[in-house]
Amino acid sequence: MTLVVAAISVGCSGPGSDGSPTATPATPDAGTTSATVPASGQFTLPTAAPVTPTSGAGAPSGIPAPAPAPEPTPALYADPVAVARAWMGQFCETSFEEPINANLTRAGVYATGAGTAADTERGDTPDTYQQMREQKLTTRCDQVEAQVNPDAPATPDMVYVEVSATSTQLAAGLPFQTSPVISTRRVVRGGDGRWLVDVAVDAG
């Protein structure tokens with residue numbers, strides 16, 4: 001899925017009031033050169049040295065390591081927070097070298113069919129995926145966090161979990177910007193006892 005700079009991350013076309021993941025771009029330091037944003041929402045590569053990526057707190061983070069392959073263990077599915085954290089680790093990471101919306105396929109190991117379908121509707125189209133490949137865009141993520149929203153409704157089989165990560169955006173392997181990725185997801189327990197990430201929601 002394409003990471004759209006200065007608008008939204010991982011496959012959405014704009015900031016979502018429905019709880020879908022949004023990205024707020026980091027502000028470049030004085031003297032650095034960042035990508036520019038034409039009306040289409042796709043970024044143009046910088047003509048000078050890329051911006052040194054920083055974490056949300058401003059400390060250097062470098063380029064995060066790739067996310068490990070999904071590990072669907074019984075212990076993970078027993079914990080709604082753990083499964084939401086694992087889901088975000090896969091959802092947040094994209095690469096032009098993978099098939100279209102491959103991050104959703106990976107994250108789908110931890111999600112309901114309805115959740116993955118809803119994300120796919122907001123995911124890359126053939127046109128945006130082609131732009132992603134042409135510009136050799138990749139995102140790597142770290143600082144992946146998840147916590148149950150204590151103010152949201154909950155039942156024995158449903159909770160709202162706030163998930164977040166720091167996304168480092170790269171073009172042709174060179175980092176140029178970091179952005180926080182934040183979402184609130186409903187996490188549900190199915191009849192088989194497994195907790196799975198469901199659709200994005202506004203937990204209000």
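Predicted model: local features only at pLDDT ≥ 70, side-chain atom pairs only at ≥ 80, totals over all residues.
Q: How many aromatic pairs does the rule give?
A: Rings of Phe, Tyr and Trp (its six-membered ring) pair if their centres lie within 6.5 Å; planes under 30 degrees apart are stacked, over 60 edge-to-face, and the rest tilted. By that rule there are two aromatic pairs.

Q: Why is the pair of Tyr 77 and Tyr 110 called what it is?
A: The ring centres of Tyr 77 and Tyr 110 are 6.2 Å apart and the planes meet at 45°, so this pair is tilted. Tyr 77 belongs to helix α1 (residues 74–77) and Tyr 110 to the loop between α3 (102–107) and α4 (113–121), so the pair ties together parts 33 residues apart in sequence. Helices (H or I, at least four residues) and strands (E, at least two) are DSSP runs, numbered from the N terminus. Tyr 77 and Tyr 110 are both buried.

Q: What makes the pair of Trp 87 and Phe 91 stacked?
A: With 4.5 Å between the ring centres of Trp 87 and Phe 91 and 25° between their planes, the pair is stacked. Both residues lie in helix α2 (residues 80–91), four residues apart, about one turn of the helix.

Q: What sits over the ring of Tyr 77?
A: The charged end of Arg 194 does, 4.8 Å from the ring centre. The test asks for NZ of Lys or CZ of Arg within 6 Å of the ring centre and within 35 degrees of the ring normal.

Q: How do you know that a disulfide joins Cys 92 to Cys 141?
A: The term needs a pair of cysteine sulfur atoms within 2.5 Å, and in Cys 92 and Cys 141 the S to S distance is 1.9 Å. A search of the whole structure finds one disulfide.

Q: Why does the disulfide of Cys 92 and Cys 141 have its handedness?
A: The torsion about the S-S bond is about -70°, so the disulfide of Cys 92 and Cys 141 is left-handed.

Q: What makes Cys 92 count as buried?
A: The relative accessible area of Cys 92 is 0%, so Cys 92 is buried. Cys 141, at 11%, is buried too.

Q: Which residues of α4 are buried?
A: They are Gly 115, Ala 118 and Asp 119. These cover an arc of only 100° around the axis (taken from the directions from the helix axis to the C-beta atoms), which puts them on the same side of α4. On the other side of α4, Gly 113 and Glu 121 are exposed.

Q: What is the class of Lys 136, and why?
A: Lys 136 has a relative accessible area of 43%, so Lys 136 is partly exposed. Lys 136 is found in the loop between α5 (126–134) and β3.

Technical notes: Residues numbered from 1 in each chain as written. Heavy atoms only, no water. Buried < 20%, exposed > 50% of the residue type's maximum accessible area, 1.4 Å probe, protein only.
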